[in-house]
Amino acid sequence: SFQMANETDEVGIVRGLAWTSVGGDTLEIEVKETTDIAYISDSKHNSNAPFLQIKQTVDTASPYVQQQVTFLVTLYDSIGLRIKNIVANKESFNDWLIVPLLETPILEKDVVNGRKVNVIHYAFAGFPQRSGQIKEPRFIVDGYYLKNNEFSFPSFDDDFFNFGFNNVFNQQVPVKMQTKEKLTDVKPIPSDYTGKYWLPLFDLTLNSEFKNIDNLKQGDAFNQLITISAKGLQETLFPQLHFPNVNGVKIYPEKPQLSMQVSKGYIETTATINNVYIPNKTGTITIPETEIEWFNLNTQKMEKSIIPQKIITVQKNPNIISEPINENHNVIDTLPKEDNKKSDIKKENV
C-alpha cells in the first residue's frame with residue numbers, strides 16, 4: 001500500500017513525484033520534465049536509441065497585433081507514436097487566438113542522422129491579441145507507444161493513430177512532449193493608420209448586388225446583398241459595420257452571416273450582409289458608396305475597398321394615397337402668433 005505526493009505545473013505535468021509506503025519505506029522515482037525530446041527506456045545518452053522529438057517554427061518573426069501567424073509543429077518519431085491529441089498550453093490563450101489549419105496531419109518518412117523516422121506535420125494559425133513582447137503558444141502532444149521486447153520501425157499503414165490488435169499484447173507507455181518556449185515581438189497598429197477598423201489582411205474582396213429594383217414603387221422593399229471576404233481574419237475579429245442613412249429611405253440592416261474556412265494556408269472569413277431598403281418617396285434615391293479601409297500585409301500599406309454608389313428610380317405607387325394639399329390655405333399662417341410659437345416649440349422637442 002502506497003500514498004502519493006505530487007506537484008503540478010501550469011500544464012498539469014507531475015513533478016517531484018514520491019511514493020511513500022505505510023510502513024515508512026520510500027521508493028524514489030525519477031520524473032522528467034515535459035520537454036521537446038522524449039528518450040525511450042532512459043536512453044538519453046545513447047544516440048542510436050529510439051526517440052521522439054517535437055519542433056516548432058513560425059512564418060513571421062515580428063507580426064502586427066491581430067495578424068495571422070502560422071505555426072508549423074513537426075514530430076519526429078522512430079518508435080511508433082500513437083497521438084491522442086495536440087493542443088496549445090492554456091497559458092497561450094491569454095495572448096493568442098489559435099485555429100488549426102489542417103483537418104489531418106501531413107505524414108512523411110525521412111532519415112535523420114542515419115535513423116529512419118516518421119515525420120508528422122501539424123499547422124496552426126495564431127492571432128496575437130496585444131502588442132509588445134509576448135510568449136509564442138507552446139504546443140503539447142499527448143500520446144503513447146507500445147512497448148515490447150524489440151523495437152521495430154512502424155508503418156503509417158499499421159494502425160498509426162488508432163488502437164489496434166497489437167494493443168492487446170503490448171504495454172502502452174504514455175508520452176507527453178511540449179515545444180520550447182520562445183518570445184515574439186508583436187508590433188502595434190501603425191501610428192499613421194487612419195481606418196475605422198484595424199484589419200491586417202493579406203487580401204480583401206468586397207462585392208454588392210441589388211435585388212428587386214426593377215419597376216420599384218414607393219413603399220416596396222428592395223435588397224442590397226454585400227459580400228466581404230477577408231484573407232487572414234479570424235471570425236471573431238470581424239468588425240461591426242455601420243451603414244449611412246439615406247434620405248427618403250428606411251434601412252433595415254440584418255445581422256451579418258459569417259463563415260470561416262482555411263484557404264491555401266490562410267484563415268478566410270466571409271461575411272454576407274443583407275440590407276433591406278424601403279423608399280417612402282418617389283423619384284431617384286442614391287445609395288452611397290460602401291468603403292472599408294484595411295492594412296495590406298503584402299505591401300505594408302493601407303488600402304480602401306469600395307462599392308460605388310447606386311442611383312435607383314422609385315415610381316409612384318397607386319396603392320398609396322396622399323392627402324391633397326390646398327396650396328392657397330396655409331394652416332400655420334392662419335394661427336394666432338402666440339400659437340405659432342407653441343407649434344415651433346413642439347417641433348423642436350420632437
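Pro174 is exposed, with a relative accessible area of 67%, where exposed means over 50%, buried under 20% and partly exposed in between (1.4 Å probe, protein chains only). This residue lies in strand 13; helices (H or I, at least four residues) and strands (E, at least two) are DSSP runs, numbered from the N terminus. Leaving aside neighbours within four places in sequence, Pro174 is in contact with Gly143 and Tyr144, contact meaning heavy atoms within 4.5 Å. The C-alpha atoms of Pro174 and Asp142 are separated by 7.7 Å, although these residues are 32 residues apart along the chain.

This is a predicted model, in which local features need pLDDT of at least 70 and side-chain atom pairs count only at pLDDT 80 or more, while totals for chains, interfaces and linings use all residues. Residues are numbered from 1 along each chain as its sequence is written, and side-chain values use heavy atoms, with hydrogens and water left out.

The mean pLDDT of the protein is 79, and 71% of its residues reach 70 or more; pLDDT is the predictor's confidence in each residue, from 0 to 100. Over residues 156-168 the pLDDT is below 50, and this stretch has 29 contacts in the model beyond near neighbours in sequence. Residues 323-350 also stay under 50, with four contacts beyond four places in sequence. Where pLDDT is low, the predicted coordinates should not be read in detail.

| Element | Residues | Mean pLDDT |
|---|---|---|
| Helix 1 (lowest) | 337-349 | 37 |
| Strand 15 (highest) | 200-201 | 98 |

The largest nonpolar core has 31 residues, of which Leu75, Leu81, Tyr122 and Phe139 touch the most other members. Such a core is a set of buried Ala, Val, Leu, Ile, Met, Phe, Trp, Tyr and Cys residues joined through side-chain atoms within 4.5 Å. Strand 6 gives the most to this core, with four residues. Beyond four places in sequence, Phe139 touches residues including Ile54, Phe71, Ile98 and Met177. Apart from this core lies another, of 23 residues, among them Ile226, Leu233, Leu237 and Ile307.

Three strands form an open sheet with mixed pairing, in the order 15-22-23; two strands pair if DSSP finds at least two bridges between them. Strand 15 and strand 23 (301-307) are the edge strands, each pairing on one side only. Strand 22 (residues 290-296) and strand 23 run antiparallel and are joined by seven bridges, and the bridge partner of Glu293 in strand 23 is Lys304.
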